Amino acid sequence: FPHPVTLCGLLEMTSTYLPVNHNWEHYLHEAQSTYDDLQKELKLSLVHLANDACSLLPNNLYKKDPWLWDLNWSVQNIKFKKAVVKSTKTKQRKKSANKSDGLYDKNQDPDESPVPEDTALSDGVKDINLSDIDPSLKQMYETAASLRKIRPFLPGYPLWYRELCDKSAIDDPDWEPGPYLISTQMRSVPKLMRMTWDGFPLHYDEKHGWGYLVPDVKDLDISEPDDYPLE
């Protein structure tokens with residue numbers, strides 16, 4: 001059984017309270033505002049790191065990076081519709097039909113119908129007239145008709161980058177491509193931040209978890225990442 005003084009102390013501690021005034025609400029507001037600002041700055045820094053890492057995709061430069069080499073760098077390419085090749089008999093029938101109607105032009109392809117200059121180029125490009133664009137850009141707009149209805153998400157970008165982008169809001173008119181889903185809890189973030197342990201780059205293994213890579217080289221100077229042996 002506790003001493004009476006100890007018992008009184010315990011009973012008193014259970015009824016303690018923190019005296020505050022109107023400044024307490026101001027403190028909570030300022031603390032939350034500071035936290036939100038720091039979170040925005042942190043996320044913006046991570047977005048810049050992810051965008052800079054994408055520059056290693058050309059010429060497979062990521063294979064020489066001791067942090068980013070094991071990320072999934074597979075990309076999706078844009079696929080086009082297959083061109084429909086019509087038989088010679090069909091062309092001859094169209095040519096003979098145009099002759100009978102007096103609409104035949106020897107310089108015109110029988111598979112092509114004349115397109116007025118003030119009409120849209122294709123169904124995929126709306127409200128674009130031939131007279132409103134530069135002739136050198138005409139071919140680029142015409143390729144819209146060759147695109148498939150279901151198109152890949154962010155073609156040309158690596159898979160690890162696409163996983164950081166919000167695909168659900170792509171129909172939003174204010175949507176912009178970017179790794180805005182990135183957070184410090186994602187596995188790729190320590191690699192993007194180029195974190196080290198005792199000077200060695202961090203590495204994640206599916207079996208052993210987080211660790212660091214130590215090359216089997218004696219008298220190694222890893223003060224510069226470019227000097228790190230990858231083989």
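## Notes on a predicted model

1. Let's start with a pocket. By class, 6 nonpolar, 2 polar and 6 charged residues make up the lining of the second largest pocket. Keep in mind throughout that this is a predicted model. The volume of this pocket is about 310 Å³. If you want to find it on screen, look for Leu71, Trp160, Glu163, Arg187 and Ser188, which are the closest to its centre among the 14 lining residues. Helix 5 and strand 4 (200-205) are the elements that each give two or more residues to that lining.

2. Now step back to the whole chain. Going along the sequence, the pattern reads α-α-α-β-β-α-α-α-β-β-β. The chain has 231 residues, and 18% of them count as buried. Take the contacts with a separation of 6 or more: 45% of these are between residues 24 or more positions apart.

3. How far does the confidence go? Mean pLDDT for the chain is 76, with 69% of the residues at 70 or more. Go carefully with residues 103-124, where the pLDDT is below 50. That stretch still has 32 contacts in the model beyond near neighbours in sequence.

4. Next, the inside. The largest nonpolar core has 20 residues, and the members that touch the most others are Ala50, Leu68, Trp73, Trp160, Tyr161, Ile182 and Leu192. Three helices supply at least two residues each: helix 2 (23-54), helix 5 (159-162) and helix 6 (189-192). Which helix gives the most to this core? That would be helix 2, with 5 residues.

5. Once you leave out neighbours within four places in sequence, Ala50 is in contact with Trp160, Tyr161, Leu164, Pro179, Ile182 and Leu192.

6. Have a look at Gln76, in the loop between helix 2 and helix 3 (88-101). Is Gln76 buried, exposed or partly exposed? Its relative accessibility is 35%, so Gln76 counts as partly exposed. Which residues does Gln76 touch, setting aside those up to four places away in sequence? The list is Pro152, Phe153, Pro155, Gly156 and Arg162. Leu154 is worth checking too: Gln76 and Leu154 are 78 residues apart in sequence, yet their C-alpha atoms are 7.8 Å apart in space.

7. Asn59 is not a glycine, but its phi is positive, at about 60 degrees. You'll find Asn59 in the loop between helix 2 and helix 3. Asn59 counts as exposed because its relative accessibility is 74%, and the cut-off for exposed is over 50%.

8. The other one is Asp198. Here phi is near 55 degrees, again a positive value in a residue other than glycine. Asp198 sits in the loop between strand 3 (196-197) and strand 4. With 61% relative accessibility, Asp198 counts as exposed, so the label follows from the number. Strand 4, on one side of this loop, is also one of the elements that give two or more residues to the lining of the second largest pocket.

Conventions: Residues are numbered from 1 along each chain as its sequence is written. This is a predicted model: local features need pLDDT of at least 70, side-chain atom pairs count only at pLDDT 80 or more; totals for chains, interfaces and linings use all residues. Side-chain values use heavy atoms; hydrogens and water are left out. A nonpolar core is a set of buried Ala, Val, Leu, Ile, Met, Phe, Trp, Tyr and Cys residues joined through side-chain atoms within 4.5 Å. Buried means under 20% relative accessible area, exposed over 50%, partly exposed in between (1.4 Å probe, protein chains only). Helices (H or I, at least four residues) and strands (E, at least two) are DSSP runs, numbered from the N terminus. Contact means heavy atoms within 4.5 Å. pLDDT is the predictor's confidence in each residue, from 0 to 100. On a 1 Å grid over the protein atoms alone, a cavity is a set of points where a 1.4 Å probe fits but cannot get out, and a pocket is an open set with protein on both sides within 12 Å along at least five of seven lines; lining residues have an atom within 4 Å of a point. Grid points are joined across faces, edges and corners, and a volume is the space filled by probe spheres set on the points. Ala, Val, Leu, Ile, Met, Phe, Trp, Tyr, Cys and Pro count as nonpolar, Asp, Glu, Lys and Arg as charged, and the others, Gly among them, as polar.
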